[in-house]
Protein chains: 2
Amino acid sequence: MVVEVLRLGHRGDRDKRISTHVALTARALGADKIIFTTEDEHVENSVKKVVESWGGNFEFVVEKHWRKYIREFKKRGIVVHLTMYGANINEIMPEIREISRDKDILVIVGAEKVPKEVYELADYNVSVGNQPHSEVAALAIFLDRLFEGKTLYRDFEDAKIKIVPSKDGKVVIREKQNK
Amino acid sequence: MVVEVLRLGHRGDRDKRISTHVALTARALGADKIIFTTEDEHVENSVKKVVESWGGNFEFVVEKHWRKYIREFKKRGIVVHLTMYGANINEIMPEIREISRDKDILVIVGAEKVPKEVYELADYNVSVGNQPHSEVAALAIFLDRLFEGKTLYRDFEDAKIKIVPSKDGKVVIREKQNK
């Protein structure tokens, strides 16, 4: 299963830190790729720097024709739109996990108000609670429940920095600079 | 069990949106209170507006003497510091959930580099993966695993707006203005 995240409606300066958190959360929790619908050099650089130091093949792409992207994606997978108006995640998650065994998943997270079409294009509109909170939190919980903790401590290829989980403080492994 | 969240090291303008997301995530996922260590009117107003419309008793407080606050808290509960350098959440969570049956929990999430003392004051330093991502995501996943989905759709007292989870689109219930 390939998991991609589509960040809809990023509003430049106002959203740059939240959007960076969305992208890094996608990567850390096990997604393979994030798609933005507008260019943002700041976000792109932050994400690329993390990939360079911490490894793995997480992709950052900009795709202005997002409707077309969603339609194309549906040929190989399902589209899950995270929205506070959607179905109860506690009830719908087993079904999505079942489907994910042999289909890819595109997760859509909006910044501002999301066009009505998105609700219609999505195979699932899923809510992570029905209180206002954070698209970063919604994405994190969705991916955590999808992967059930299996992706959190996986190894990233070609990492220059690694951290070893420890109760007692920092254990950081750095690649030697001069090798 | 009472759950409180201590947001350490909020850096004004730079962090205002992330800190707001931290606070709203705490509320939506089941925490009772958030403690900031510096004043921020923007964040405070955003949180208070949400509480006013969406109900419940979520508290927003500013506590400059956070070391003292942590020490006092330890008399009635445990302190969990979320950090990418901590113990594996997959392994440590059952133990924390067990303790939470009869103790309160203070969850610490840092913005910038966290003083070394925090690692020592905490009963648990817990990592949510060991890749750089987001304190919003870390808090969301920790609380989701602590409450196991039970808090996500709970009712908030005195809510003026409510959303009913629905697969097919928006179902919003608003309190009548003129009652």
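The axes of helix 1 (residues 16-29) of chain A and helix 1 (residues 16-29) of chain B come within 8 Å and cross at roughly 55 degrees. With angles of 65 to 115 degrees counted as roughly perpendicular and those under 35 as roughly parallel, helix 1 of chain A and helix 1 of chain B are therefore oblique to each other. The crossing of this pair, helix 1 of chain A with helix 1 of chain B, is right-handed. On the chain A side the contact is made by A:Arg17, A:Ile18 and A:His21, and on the chain B side by B:Arg17, B:Ile18 and B:His21. Sorted by class, the contact of helix 1 of chain A with helix 1 of chain B comes out as 2 nonpolar, 2 polar and 2 charged residues. All of this is read from a predicted model.

Helix 6 also turns up where the chains meet. The axes of helix 6 of chain A and helix 6 of chain B come within 8 Å, crossing at roughly 50 degrees, and that makes helix 6 of chain A oblique to helix 6 of chain B. Helix 6 of chain A passes helix 6 of chain B in a right-handed crossing. Here A:Val136, A:Ala137, A:Ala140, A:Ile141, A:Asp144 and A:Arg145 sit against B:Val136, B:Ala137, B:Ala140, B:Ile141, B:Asp144 and B:Arg145, in contact across the two helices. The class count for helix 6 of chain A with helix 6 of chain B is 8 nonpolar, no polar and 4 charged residues.

Now for the interface as a whole. The size of an interface is often given as the accessible area lost when the parts come together. For chain A and chain B, that figure is about 4,600 Å², with 60% of it on carbon and sulfur atoms. In chain A, A:Arg17, A:Tyr85 and A:Tyr153 lose the most area to chain B, together 16% of what that side buries. A:Arg17 is also one of the residues in the helix 1 contact described above. As for residue counts, 50 residues of chain A are in contact with 50 residues of chain B.

Within chain A, helix 6 has another partner. Two packed helices are described by the angle between their axes and the distance between the axes. Helix 4 (residues 89-99) of chain A and helix 6 (residues 135-147) of chain A pack at an angle of about 50 degrees, and their axes are 10 Å apart. That makes helix 4 of chain A oblique to helix 6 of chain A, and the crossing of helix 4 of chain A past helix 6 of chain A is right-handed. Helix 4 of chain A brings A:Ile89, A:Asn90, A:Met93, A:Ile96 and A:Arg97 to the contact, while helix 6 of chain A brings A:Ile141, A:Phe142, A:Arg145 and A:Leu146. By class, the contact of helix 4 of chain A with helix 6 of chain A holds 6 nonpolar, 1 polar and 2 charged residues. A:Ile141 and A:Arg145 figure in this contact and are also among the residues of helix 6 of chain A that meet helix 6 of chain B.

Then there are the sheets. In chain A, 6 strands form an open sheet with parallel pairing, in the order 3-2-1-5-4-6. Strand 3 (59-62) and strand 6 (124-127) of chain A stand at the edges with a single partner strand each, so one side of each is left without a neighbour in the sheet. Neighbouring strands of this sheet are turned by 30 degrees against each other on average, direction ignored. Strand 1 (residues 3-8) and strand 5 (residues 104-110) of chain A run parallel and are joined by 6 bridges, and A:Arg7 stands opposite A:Val109 in strand 5 of chain A. Helix 3 (residues 66-73) of chain A packs on the sheet, where it touches strand 1, strand 2 (33-36), strand 4 (77-88) and strand 5 of chain A; its direction makes about 150 degrees with that of strand 5 of chain A.

Chain B has an open sheet of 6 strands in the order 3-2-1-5-4-6, with parallel pairing. Strand 3 (59-62) and strand 6 (124-127) of chain B are at its edges, each with a single partner strand, so one side of each is left without a neighbour in the sheet. The twist averages 30 degrees from one strand to the next. Strand 1 (residues 3-8) and strand 5 (residues 104-110) of chain B pair in the parallel sense over 6 bridges, and B:Leu8 has B:Gly110 as its bridge partner in strand 5 of chain B. Helix 6 (residues 135-147) of chain B lies across strand 1, strand 4 (77-88) and strand 5 of chain B, running at about 160 degrees to strand 5 of chain B.

How values were computed. Residues are numbered from 1 along each chain as its sequence is written. Chains are lettered from A and ligands numbered from 1 in the order in which they are written. This is a predicted model: local features need pLDDT of at least 70, side-chain atom pairs count only at pLDDT 80 or more; totals for chains, interfaces and linings use all residues. Side-chain values use heavy atoms; hydrogens and water are left out. Axes are lines fitted to C-alpha atoms, for helices over the stretch in contact, and angles run from 0 to 180 degrees between N-to-C directions. Helices (H or I, at least four residues) and strands (E, at least two) are DSSP runs, numbered from the N terminus. Angles under 35 degrees count as roughly parallel, over 145 as roughly antiparallel, 65 to 115 as roughly perpendicular and the rest as oblique. A crossing is left-handed if the near helix is turned anticlockwise from the far one by less than a right angle, and right-handed if clockwise. Contact means heavy atoms within 4.5 Å. Ala, Val, Leu, Ile, Met, Phe, Trp, Tyr, Cys and Pro count as nonpolar, Asp, Glu, Lys and Arg as charged, and the others, Gly among them, as polar. Two strands pair if DSSP finds at least two bridges between them. Buried area is the accessible area (1.4 Å probe) that two parts lose on being put together, summed over both.
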